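Please consider the following notes alongside the sequence and the model. They are arranged as numbered points for a reader new to structural description.

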Amino acid sequence: MPAPVRVSDRPVAADVPSSFRVCAHRLVGAAYRASPNCDARADPDDLSLIVIHNISLPPDSYATHPDAPDGSYIDDLFLNRLDAKCHPYFEGIAALRVSAHLCIFRDGRIVQYVPFDQRAWHAGVSEWQGRSRCNDFSIGIELEGSDVRPFTESQYAALTATIDALLAAYPTLRADAITGHSDIAPGRKTDPGPYFDWPRLRDALGGAA
Ligand SMILES: [Zn+2]
C-alpha cells in the first residue's frame, strides 16, 4: 500500500486559519490580481529570503480607492494603471514598473500580485549576505503602512500566518532568513521602518526569526 501523500511535515499551528496555505504558488485565501511586473526566476528552486516592506499611497494615507472600495492605489501601482493626475505624489511614481508578491492591508486583507515561483520587482538594487539582486531569490511582502505609524494587529496576524504557510510550502525558506528592505538596501530604503515590531514577529514564529 503506497504511503499517503504528505503535503508538509511541518505541523500547522492551531491558530493559523486553514485557508492560509500555498497552492500552485499562490496563497489560498488571498485575492489575486496579476501584475505584469514580474519575470522568471533564474533558478526557480532558489527561494532563500523573505523581504518585508511598507507602502502607502499617497504616503501615510489609508483611504480606499475612490472608484473601487476593495481596491487601492497600491493595486493601481502594481498593475501599471496608477493615474498621475490623482495626487501630486503619483506624478513621480506612476511610470515605475514595480510589484511585490503580496500586500497585507490595514484590515489584514491580503492581495497577491505575482506567483511565488516568479520574480517580483520589489527589492531593486540590493544585497543580502553577500548576494546581490535579491529579487532573484526572495519573496516580497508589503505591509500597507509607513515609517511613522504602527502596523495593525490584523496585519501581524495575517503576516505570521502567511509566513507560516510559506515556510511550510517552500523548505528552502527559513524563519531566520526574513529581513527588511532597509537591511538589503541601506541608505536607499527605510522600510518597513522603526514601527515594525521584529521581536513580535520572531516570537510569533516561534522565536526562530
Ligand atoms: Zn520596500
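1. Is valine 125 buried or exposed? Valine 125 is exposed, because 12 other C-beta atoms lie within 10 Å; a residue counts as exposed at 12 or fewer such atoms, as buried at 20 or more, and as partly exposed in between, with C-beta atoms placed from the backbone.

2. This is a predicted model, in which local features need pLDDT of at least 70, side-chain atom pairs count only at pLDDT 80 or more, and totals for chains, interfaces and linings use all residues. Residues are numbered from 1 along each chain as its sequence is written.

3. The protein has four helices and 12 strands (DSSP runs, H or I of at least four residues and E of at least two, numbered from the N terminus). Of its 209 residues, 36% are buried.

4. Valine 125 belongs to the loop between strand E8 (118–120) and strand E9 (127–128). Beyond its neighbours within four places in sequence, valine 125 is in contact with Ala185 and Arg188 (contact: C-beta atoms, placed from the backbone, within 7 Å).

5. Six strands form an open sheet with mixed pairing, in the order E3-E7-E6-E11-E5-E12; strands pair if DSSP finds at least two bridges between them. Strand E3 (31–32) and strand E12 (178–180) are at the edges with a single partner strand each, so one side of each has no neighbour in the sheet.

6. E3 pairs with strand E7 (residues 110–112) in the parallel sense, over two bridges. Tyrosine 32 has glutamine 112 in E7 as its bridge partner.

Note on methods. Two residues are in contact if their C-beta atoms, placed from the backbone, lie within 7 Å.
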